Amino acid sequence: MLIFAIDDEENVLMNMKKVILEAVNNGAEVLTFTRCEDALSAIDKGEKPNVVFVDVVMPGLSGLEFAVRLKDPKAE
């Protein structure tokens, strides 16, 4: 299982990753991103997350805008 964790605050992101790994008993790979744009780039390069946890309020592309783009890559 591949999980994306996205948050612009590094300490929150590392805690989020820790909690996710504990919850799935280390049965998943968690990729972390501090920018939604970087997560979209990873998807463009072939990463296919099963689950995404994303902060709603982010600089640049917001978590909500990310969700729209994840569903419809042509949305701008």
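Reader: Which residues of H2 are buried?

Author: Let's sort out the words. Helices (H or I, at least four residues) and strands (E, at least two) are DSSP runs, numbered from the N terminus. Buried means under 20% relative accessible area, exposed means over 50%, and partly exposed is in between (1.4 Å probe, protein chains only). Now H2: its buried residues are Cys36, Ala39, Leu40, Ala42 and Ile43. Keep in mind that this is a predicted model, where local features need pLDDT of at least 70 and side-chain atom pairs count only at pLDDT 80 or more, while totals for chains, interfaces and linings use all residues. Residues are numbered from 1 along each chain as its sequence is written, and side-chain values use heavy atoms, with hydrogens and water left out.

Reader: Where do the buried residues sit when H2 is seen down its axis?

Author: Here you look at an arc, taken from the directions from the helix axis to the C-beta atoms. For H2, the buried residues fall within an arc of 155°, so they line one face of the helix.

Reader: And what do the buried residues of H2 pack against?

Author: Think in contacts, meaning heavy atoms within 4.5 Å. The partners of H2's buried residues are E1, E2, E3 and H3.

Reader: How far does H1 reach from its first C-alpha to its last?

Author: To judge a helix, take 1.5 Å times one less than its number of residues as the expected span. H1 has 14 residues and spans 20 Å, close to the 20 Å expected. Asparagine 25 follows H1, and its phi is positive, near 55°.

Reader: How many salt bridges does the count come to?

Author: Side chains of opposite charge can pair when their charged atoms come close. Lys and Arg count as positive, Asp and Glu as negative, and His and the chain ends are not counted. A salt bridge needs a side-chain nitrogen of Lys or Arg within 4 Å of a carboxyl oxygen of Asp or Glu. By that rule there is 1 salt bridge here: aspartate 38 meets arginine 35 at 3.3 Å, N to O. Aspartate 38 is partly exposed, at 32% relative accessible area, and so is arginine 35, at 41%.

Reader: What about aspartate 7: is it buried or exposed?

Author: Buried, and yet without a salt bridge; the nearest side chain of opposite charge, arginine 35, is 13 Å away. You'll find aspartate 7 in the loop between strand E1 (2-6) and helix H1 (10-23).

Reader: Then which backbone nitrogen does the side chain of aspartate 7 reach?

Author: Look for a polar contact: a pair of N or O atoms within 3.5 Å; within protein, one must be able to donate a hydrogen and the other to accept it, and residues adjacent in sequence count only if both atoms are side-chain atoms. Aspartate 7 reaches the backbone nitrogen of glutamate 9 at 2.8 Å. Leaving out residues up to four places away in sequence, aspartate 7 touches Val12, Leu13, Met16, Phe33, Thr34, Asp55 and Met58.

Reader: Where is aspartate 55 placed?

Author: In the loop between E3 and H3. Its side chain reaches the backbone nitrogen of valine 57 at 3.4 Å. Methionine 58 belongs to the loop between E3 and helix H3 (63-71), and at 8% relative accessibility methionine 58 is buried. Methionine 58 and cysteine 36 are 22 residues apart in sequence but 8.0 Å apart in space, C-alpha to C-alpha.

Reader: Which backbone nitrogen lies 3.0 Å from a polar side-chain atom of glutamate 37?

Author: That of leucine 61. Glutamate 37 sits in helix H2 (residues 36-44) and is partly exposed, at 25%. Now compare asparagine 26, which is 11 residues from glutamate 37 in sequence and 26 Å from it in space, C-alpha to C-alpha.
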